[in-house]
Amino acid sequence: MCRCSYSGGNIRLKNVMVEHLAPLIEKLEECGCKIDCESNELTLQAPKKLKATDIKTMPYPGFPTDMQAIFASTLTIAKGTSVVIENIFENRFKYAGELNRMGAKFVIDGRTAVIKGVRKLNGASVMAKDLRGGAALVIAGLSAKGKTKIENIEYILRGYENLDTKLNKLGAKITKEV
C-alpha cells in the first residue's frame with residue numbers, strides 16, 4: 001500500500017544521457033515545460049497547467065512504450081484533449097479504469113486512448129495491475145486532491161527501487177506500508 005500527495009514543479013537532474021530523453025523532452029516542451037539541457041544535466045520548469053499533446057509509442061529512438069502510462073497519467077490533468085496510440089504492446093492501458101476512479105476522463109479504443117484533461121483528480125483507493133500502470137497511479141496520486149491509496153505495490157517495488165524515497169526528496173509525501 002502506498003499513500004501519495006505532491007507539491008512543486010521544478011527539477012534539475014544530473015548525470016543523465018540527454019540524447020536518450022529526446023522524445024520525452026519534445027513532448028514535455030509541447031506540454032508547456034521549459035527545459036534546458038547542458039551536457040549531462042537537465043533542468044525542467046513545469047507550467048501551472050500542462051497543455052494536451054498526442055503520443056505515439058515507437059521503437060527507439062521514438063517515444064518509449066515504457067513511459068506511455070506515466071505520461072498518459074500526467075495528461076489526465078492537462079488542458080485539452082490528448083490522444084495516446086500504443087504501437088508496441090497490446091493491453092497497455094490496464095491502468096485507465098483506476099485513473100477514471102480518480103476522476104480522469106480516459107476512453108480506450110483498442111490501441112488508442114483519448115484523454116480529456118480534467119481540472120483535478122481526486123484521491124482514491126486504487127489498485128496497481130502491472131509495473132508501469134502502478135507507476136502511473138503514483139503520478140496521478142501525487143497530483144490528486146486528497147489521499148491516494150495504491151494496493152498491489154509489489155508491482156511498483158519490483159521495477160522502481162526506492163521510488164518513495166526518491167519522490168519524497170522532490171517534495172512528495174509518500175508513505176509505504178508493506
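## Buried face of helix 1

Pro-23, Leu-24, Ile-25 and Lys-27 of helix 1 are buried (under 20% relative accessible area with a 1.4 Å probe, protein chains only). Helices (H or I, at least four residues) and strands (E, at least two) are DSSP runs numbered from the N terminus. The cover over these buried residues includes strand 3, strand 4, strand 5 (55-56) and helix 2 (68-75). Just after helix 1, Gly-32 has a positive phi of about 105°.

The model is predicted: local features need pLDDT of at least 70, side-chain atom pairs count only at pLDDT 80 or more, and totals for chains, interfaces and linings use all residues. Residues are numbered from 1 along each chain as its sequence is written, and side-chain values use heavy atoms, with hydrogens and water left out.

Three strands in the order 2-4-3 make up an open sheet with antiparallel pairing (pairing requires at least two DSSP bridges between two strands).

## Packing of helices 2 and 4

Helix 2 and helix 4 (residues 131-143) pack at an angle of about 25°, their axes 8 Å apart (axes are lines fitted to C-alpha atoms, for helices over the stretch in contact; angles run from 0 to 180 degrees between N-to-C directions). The two helices are therefore roughly parallel (angles under 35 degrees). Helix 2 contributes Ala-69, Ile-70, Ser-73 and Thr-74 to the contact (heavy atoms within 4.5 Å).

Notes. Buried means under 20% relative accessible area, exposed over 50%, partly exposed in between (1.4 Å probe, protein chains only). Angles under 35 degrees count as roughly parallel, over 145 as roughly antiparallel, 65 to 115 as roughly perpendicular and the rest as oblique.
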